[in-house]
Amino acid sequence: MIIDTLDNLGKYVGVNPLFADVVAFLKENDLNTLEEGKHPIKGSDLFVNITTAKGRSREAAVLETHIEMIDIQIPLDVPETYGYTPLKDLPDFEYNAEKDITKYGTTLAQTYVTCLPGQMAIFFPQDGHAPCISDNAEIKKAIFKVKS
């Protein structure tokens, strides 16, 4: 997991070559003005979803992991808290290959971190994360899905 400001995303291009394409996309596009929905960048290897998610309590947020994709999650209008638990500490749950997701039921996260607009959270396949924790009713956010 990486927590940082969007301005520093370019420092992480060595982690995954597609991160350079995310940096270029951010320079050319204003996430706040993009329409909600899926925006392809490099086919199924890199795209961004603009969505408005319902804010949840820590207890209602569901931990998840992905095998095929890395998430770069960016709150756009209000702070968003993410629960975190390393995959190695999570119980076995069924993986949905079609949606590239494992959800961990009522398992609570070990720790929490909050990102403000202008910041990002990057979650790798080994990072269990519970997004959308907020006192706000809705969170407008961008989720870049990057082939791992």
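User: Which residues is isoleucine 72 in contact with, leaving aside its neighbours within four places in sequence?

Analyst: Happy to start there. In this predicted model, isoleucine 72 is in contact with Leu9, Phe19, Val22, Met120, Ala121, Ile122, Ala142, Ile143, Phe144 and Val146. Contact here calls for heavy atoms within 4.5 Å. In β10, isoleucine 72 also has isoleucine 122 as its bridge partner.

User: What makes a set of residues a nonpolar core, and which residues have the most contacts inside the largest one?

Analyst: The members must be buried residues of nonpolar kinds, joined through side-chain atoms within 4.5 Å. The largest such core has 23 residues, and those with the most contacts inside it are Phe19, Leu31, Ile72, Ile122, Phe144 and Val146. At least two of its residues come from each of α1, β3, β5, β10 and β12. Helix α1 gives the largest share, four residues. Another core lies apart from it and has seven residues, including Leu63, Tyr104, Ala109 and Ala130. As a general background, nonpolar side chains tend to be buried together in soluble globular proteins.

User: How do you know that the buried residues of α1 are on the same side?

Analyst: The buried ones in α1 (residues 19–28) are Phe19, Val22, Val23 and Phe25. They cover an arc of only 160° around the axis, so they sit on the same side of α1. Lys27 and Glu28 are exposed and lie on the face of α1 turned away from its buried side.

User: What do the buried residues of α1 pack against?

Analyst: Their packing partners are β2 (37–42), β3 (46–54), β5 (69–75), β10 (119–123) and β12 (138–147).

User: Why do β1 and β2 count as standing at the edges of the sheet?

Analyst: Six strands make up this open sheet, in the order β1-β10-β5-β12-β3-β2, with antiparallel pairing. β1 and β2 each have a single partner strand, so one side of each has no neighbour in the sheet. On average, neighbouring strands of the sheet are turned by 20° against each other, direction ignored. Helix α1 packs on this sheet, and its direction makes about 140° with that of β12.

User: How do you know that β1 pairs with β10?

Analyst: Pairing needs at least two bridges between the strands. Four bridges join β1 to β10, so the pair qualifies, and the two run antiparallel. One of the bridge partners is glutamine 119 in β10, which goes with threonine 5. The strands β5 and β10 also qualify as a pair, because three bridges join them, again in an antiparallel run.

User: Why is alanine 60 called partly exposed?

Analyst: Partly exposed runs between the buried limit of 20% and the exposed limit of 50%. Alanine 60 has 44% relative accessibility, so it counts as partly exposed. Its place is the loop between β3 and β4 (64–65). The C-alpha atoms of alanine 60 and cysteine 132 are separated by 9.6 Å, although these residues are 72 apart along the chain.

User: Why is aspartate 100 called buried, and what is its phi?

Analyst: The relative accessible area of aspartate 100 is 8%, which is under 20%, so it is buried. Aspartate 100 lies in the loop between β7 (95–96) and β8 (101–103). Its phi is near 50°, a positive value in a residue other than glycine.

User: What about cysteine 132: buried or exposed?

Analyst: Cysteine 132 has 7% relative accessibility, under the 20% limit, so it counts as buried. Cysteine 132 is part of strand β11 (residues 127–133). Its phi is near 70°, a positive value in a residue other than glycine.

User: How do you know that cysteine 115 is too far from the closest cysteine sulfur for a bond?

Analyst: A disulfide needs the two sulfur atoms within 2.5 Å. For cysteine 115, the closest cysteine sulfur is that of cysteine 132, 12 Å away, so it is too far for a bond. The structure holds zero disulfides. Cysteine 115 is also buried, because its relative accessible area is 0%.

How values were computed: Residues are numbered from 1 along each chain as its sequence is written. This is a predicted model: local features need pLDDT of at least 70, side-chain atom pairs count only at pLDDT 80 or more; totals for chains, interfaces and linings use all residues. Side-chain values use heavy atoms; hydrogens and water are left out. Buried means under 20% relative accessible area, exposed over 50%, partly exposed in between (1.4 Å probe, protein chains only). The arc is that of the directions from the helix axis to the C-beta atoms. Axes are lines fitted to C-alpha atoms, for helices over the stretch in contact, and angles run from 0 to 180 degrees between N-to-C directions.
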